[in-house]
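Colleague: I have a structure open and would like to learn how to read its features one by one. Could you walk me through them?

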Amino acid sequence: MTLSEYKMFINGLWVDAQNGARFDSLNPANGEPWASFPHAQEADVNAAVDAAQKAFENPAWRNLHATARGKLLRKLGDLIATKQTQLAQLETNDNGKLIRETKGQIGYMPEFFYYYAGQADKLEGQTLPLDKTDMFAYTTHEPLGVVAAIIPWNSPMYLTAVKLAPALAAGNTVVLKPSEHASATILELMHLVQKAGFPDGVVNVVTGLGVDTGSALTKHPLVRRIAFTGGGEGAKSVIKNSAENLAQVSLELGGKSPNIIFEDADIGSAVNGVIAGIFAASGQSCVAGSRLLVQDTVYDEFLTALKTRAASIIIGDPLDPTSEMGPMATQTQLTLVERMVATAIAQGAELIHGGKRAAVAGDGWYFEPTILAVNDNQCSIMQEEVFGPVASIMRFKDEAEALALANDTEFGLAAGIWTRDNARVHRMSKAVQAGIIWVNTYRAVSPMGAIGGYKASGYGRESGIDGVKDYTQLKTVWINTSSEPMADPFVMR
Ligand code: NDP
């Protein structure tokens, strides 16, 4: 099979790694290599960061006024919209995510560029009501410089948009490092960045592995800001690297998000929300609602309905629009899911549905939608992120117990609450320790809604009105308005 041979994008040029190193990406639907990418080494990372630094200092970008930056972002959004189908097919090939999901996500992606395009020239500072009569002071939001954006494999385009759009709106330059398992769409996006008219070096992509390419990037002395989405181990390494360059860091990590179903919930609606929360994207989502907490009185009814719906899920080729669940993105992920399910069963979890590789033609990495009933919140399947289509379900008696179970986790990214009781909605929304609360819905996203976690789910927020400010630094300017000269500091008055 002939592999598609990609090049990296540095300073507006399509280049190989200086030493010629490459790596292959495998198609999760059949396990075969389909594309090869340059494996960037330290010298290539240095070239990309130098290009981004020069672009940051270049008047063509530095002096471009904010409204013009906004227009470039809007143009990029328009261009992405014209390539929705092509980009979606590419992403599905690369990470195995269903075409209906990649099409939906990429179709919505322009909205992030439009939203931050609008924010570019609304980054207003303040005049300060000072406690000094002969002084005037104001603040401005200034860009930070070179941003290193580290992107995982599960939603590369979406997770690029939430970093790239605000970073550029604020006037920074960017070096993107996609996952070794899903680099193709990010490189394809660079054709659109070029076409939109961004000056060379403003956006660059280095492809490679986290341990070397990603590490060289996040410790580079000229990097001023790191936006990382991924797992806890990578995050710890990034934090250590940022001790070298003192770059500001935001971390979007994983979760073990509870979906809490009360007895007064619309059960049909809750089943749909739970299915969307854990089986969409084959569970490979940071916000996956992987812990189901269901009130005793409706537990049996809910579980029967959930099992029936799970059994009808069509698992198949992610490029087939009728498929409802695709493969795991990597073989490692498939093996991990298998191992975690086996461990849970060994610890006493009851297998309600699924639990094994799915029989789909070919050598793809498919796993069945899986439901495990547990009665101990300390069971590993209730505490550890699976990042696969595995829901664990547990009963609770009352609201107090639901809350205690929901918060009994090291994570705190998202939570779903299913109830018709408005007062309970407010009590629970306040008390659940998570960055995102969805009430009678799940997985809703918007450029206006911030995403980010409590506790081990990371820090910093992406999207939302303040997202762009996280890519700026505040400057305070003091002006002496007195008609008198400044007094000699060593003469007492
Ligand atoms: P990783 O943390 O391994 O990878 C995420 C990104 O970081 C990839 O680009 C990876 O490169 C890179 N990376 C890995 N190690 C380093 C390092 N030392 N320095 C710099 N960059 C590094 O996560 P996975 O890809 O394994 O994704 C799985 C986990 O990520 C999940 O279990 C989940 O917890 C979390 N996740 C969270 C998301 C969120 O939005 N909060 C979204 C997706 C995943 P490479 O892939 O080339 O190794």
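**Reading the model, feature by feature**

Modeller: Gladly. Let's begin in a loop: Gln 284 sits between α10 (267-278) and β13 (291-295). Keep in mind that this is a predicted model.

Colleague: Is Gln 284 buried or exposed?

Modeller: Buried means under 20% relative accessible area. Gln 284 has a relative accessible area of 6%, so it counts as buried.

Colleague: How should I go about finding empty space inside the model?

Modeller: The general idea is that rolling a probe the size of a water molecule over the atoms shows where empty space is left. In this structure there are four cavities of 30 Å³ or more, and the largest cavity has a volume of about 80 Å³.

Colleague: Which residues lie nearest the centre of the largest cavity?

Modeller: Our Gln 284 is among them, together with Asn 95, Gly 96, Lys 97 and Ala 281; the lining has 13 residues. Sorted by class, that lining has five nonpolar, six polar and two charged residues.

Colleague: And pockets? What lines the second largest pocket?

Modeller: That pocket holds about 170 Å³ of space. Its lining consists of Phe 56, Trp 61, Arg 62, Ala 66, Arg 69, Ala 120, Leu 123, His 141, Glu 142, Pro 143, Ala 170 and Gly 171. Two or more of these residues come from each of α2 (59-62), α3 (66-82) and β6 (135-143). β6 gives the most, with three residues. By class, the second largest pocket is lined by seven nonpolar, two polar and three charged residues.

Colleague: Let's turn to helices. What should I keep in mind when I look at one?

Modeller: An α-helix has 3.6 residues a turn, so residues three or four places apart point the same way. For a case here, take α7 (residues 184-196): its 13 residues reach 19 Å from the first C-alpha to the last, close to the 18 Å expected at 1.5 Å a residue.

Colleague: How many residues of α7 are buried?

Modeller: The count is 10 of the 13, so α7 is largely enclosed by the rest of the structure. The buried residues are Ala 184, Thr 185, Ile 186, Leu 187, Glu 188, Leu 189, Met 190, Leu 192, Val 193 and Ala 196.

Colleague: Where do I find a positive phi in a residue other than glycine?

Modeller: Leu 246 is one, with phi near 55 degrees. Leu 246 belongs to the loop between α9 (232-245) and β11, and its relative accessible area of 68% makes it exposed. Lys 455 is another residue that is not a glycine, and its positive phi is about 45 degrees. You will find Lys 455 in the loop between β18 and β19 (458-459); with a relative accessible area of 40%, Lys 455 is partly exposed.

Colleague: And how do I read strands?

Modeller: In a regular strand the side chains alternate between the two faces of the sheet. Beyond that, look at who pairs with whom. Here an open sheet of seven strands runs in the order β14-β15-β16-β13-β12-β17-β18, with mixed pairing. β14 (350-353) and β18 (436-439) are at the edges with a single partner strand each, so one side of each is left without a neighbour in the sheet. From one strand to the next the twist averages 25 degrees.

Colleague: In what sense do β12 and β17 pair?

Modeller: Strand β12 (residues 258-261) and strand β17 (residues 414-418) are parallel, over three bridges, with Asn 259 opposite Gly 416 in β17. Strand β10 (residues 223-229) and β11 also pair in the parallel sense, over five bridges, and Thr 229 has Glu 252 in β11 as its bridge partner. As for burial, β11 (residues 248-252) is mostly covered, with four of its five residues buried.

Key
Residues numbered from 1 in each chain as written. Predicted model: local features only at pLDDT ≥ 70, side-chain atom pairs only at ≥ 80, totals over all residues. Heavy atoms only, no water. Expected span 1.5 Å × (residues − 1). Buried < 20%, exposed > 50% of the residue type's maximum accessible area, 1.4 Å probe, protein only. 1 Å grid on protein atoms, 1.4 Å probe; cavity = no way out; pocket = protein on both sides within 12 Å on 5 of 7 lines; lining within 4 Å. Points joined across faces, edges and corners; volume = space filled by probe spheres on them. Nonpolar A, V, L, I, M, F, W, Y, C, P; charged D, E, K, R; others polar. Pairing = 2+ DSSP bridges. Axes fitted to C-alpha atoms, helices over the stretch in contact; angles between N-to-C directions.
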